[in-house]
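Subject: Structure handover

Hello,

Here is the structure you are taking over. My notes on it follow below.

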Amino acid sequence: MRTMPGTPPPSALTDARRLPRLDEPRDSPLREQVAEHLRHAIIVGELAPGQVLSAPTLAEKFSISATPVREAMLDLANEGHVVALRYKGYRVVEVSPEVHAQHLELRRFIEIPLMVRLAEQGIPDSLLASSRSLAADGLEAAISGDLIEFIRLDSSLHLGLLAAAGNAVAVRHIRSLRSMARLSGLRDLADSGQLENTAREHIDLVETIARRDPETMSSLISRHLGHVTGVWAGNSAVT
């Protein structure tokens with residue numbers, strides 16, 4: 001259910017209904033699950049720059065022990081998402097608009113030619129099917145306003161497609177650059193019902209690969225990446 005525009009959303013880390021069940025069996029270790037969730041919460045602005053995080057408090061909210069949370073916070077600190085505060089916890093790091101723009105410039109250099117290559121060569125049917133599923137699920141997350149799930153699916157879709165281009169080094173760099181994105185505009189877009197408009201571009205990207213249309217892909221992926229410093233960052237109106 002969407003909130004009314006201007007209504008402060010419940011934090012993903014204070015509203016128990018929106019927390020993942022990290023006490024349930026998963027394929028990945030708890031440390032990685034916590035780190036992924038917090039990383040995505042920082043990206044979408046659920047955890048704001050300057051906010052101080054406490055491992056014991058987060059552990060209580062996740063219904064798990066504090067040890068994997070502390071381990072996850074160390075991982076996030078090593079990645080540059082948070083900094084340790086003596087006896088206080090960890091503070092969320094701010095990424096300046098200038099640095100954000102530099103990250104996007106690098107992403108354009110890497111992602112556009114790789115996505116065009118995929119549109120030229122095509123991808124296996126199994127990857128096409130899973131990509132269509134991720135794009136559809138991402139649209140549902142956008143419509144429901146679940147930003148952390150939306151950005152998780154967005155990341156899985158893009159990185160999965162890029163991996164098919166066969167350049168593991170590029171994928172590693174893109175994963176790192178994506179994690180430093182700060183998309184504070186997503187909440188307003190979701191609350192106003194406009195996030196689904198840009199989320200539909202994921203479907204367009206996948207179908208452009210299916211049609212093997214590199215010319216359309218070049219303009220489509222360029223426009224899509226522009227959202228990172230544009231509407232998704234809260235810097236302009238949706239067109």
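The largest nonpolar core has 67 residues, and Met 73, Met 115, Leu 186 and Leu 195 touch the most other members. A nonpolar core here is a set of buried Ala, Val, Leu, Ile, Met, Phe, Trp, Tyr and Cys residues joined through side-chain atoms within 4.5 Å; buried means under 20% relative accessible area, exposed over 50%, and partly exposed in between, with a 1.4 Å probe and protein chains only. Helix α6 gives this core its largest share, nine residues. Domain 1 (30–92) and domain 2 (97–228) both contribute residues, so the core lies between them. The domain bounds come from an automatic or database domain assignment.

This is a predicted model: local features need pLDDT of at least 70 and side-chain atom pairs count only at pLDDT 80 or more, while totals for chains, interfaces and linings use all residues. Residues are numbered from 1 along each chain as its sequence is written, and side-chain values use heavy atoms, with hydrogens and water left out.

Leaving aside residues up to four places away in sequence, Met 73 touches Leu 38, Leu 53, Leu 58, Val 82 and Tyr 90. Contact means heavy atoms within 4.5 Å.

Helices (H or I, at least four residues) and strands (E, at least two) are DSSP runs numbered from the N terminus, and two strands pair if DSSP finds at least two bridges between them. β1 and β3 are joined by two bridges, and Leu 53 stands opposite Tyr 90 in β3. Between β2 and β3 there are four bridges; Val 82 has Val 92 in β3 as its bridge partner.

β2 and β3 form a hairpin with three residues between them. Tyr 87, in the loop between β2 (82–85) and β3 (89–92), has a positive phi of about 65° although it is not a glycine. Most residues other than glycine have a negative phi. Tyr 87 is exposed, with a relative accessible area of 75%. Ser 63 also has a positive phi, near 60°, and sits in the loop between α2 (55–62) and α3 (66–79).

His 81 is in the loop between α3 and β2. At 0% relative accessibility, His 81 is buried. Its side chain makes a polar contact with the side chain of Arg 182 at 3.5 Å. A polar contact is a pair of N or O atoms within 3.5 Å; within protein, one must be able to donate a hydrogen and the other to accept it, and residues adjacent in sequence count only if both atoms are side-chain atoms. Beyond four places in sequence, the residues that His 81 touches include Arg 39, Ile 42, Leu 76 and Met 180.

A search of the whole structure finds one aromatic pair. The ring centres of Phe 150 and Trp 232 are 5.6 Å apart and the planes are at 75°, so the pair is edge-to-face. Rings of Phe, Tyr and Trp (its six-membered ring) pair if their centres lie within 6.5 Å; planes under 30 degrees apart count as stacked, over 60 as edge-to-face and the rest as tilted. The pair links distant parts of the chain, with Phe 150 in α6 (147–164) and Trp 232 in the segment after α10 (214–226), 82 residues apart. Phe 150 and Trp 232 are both buried.

Regards
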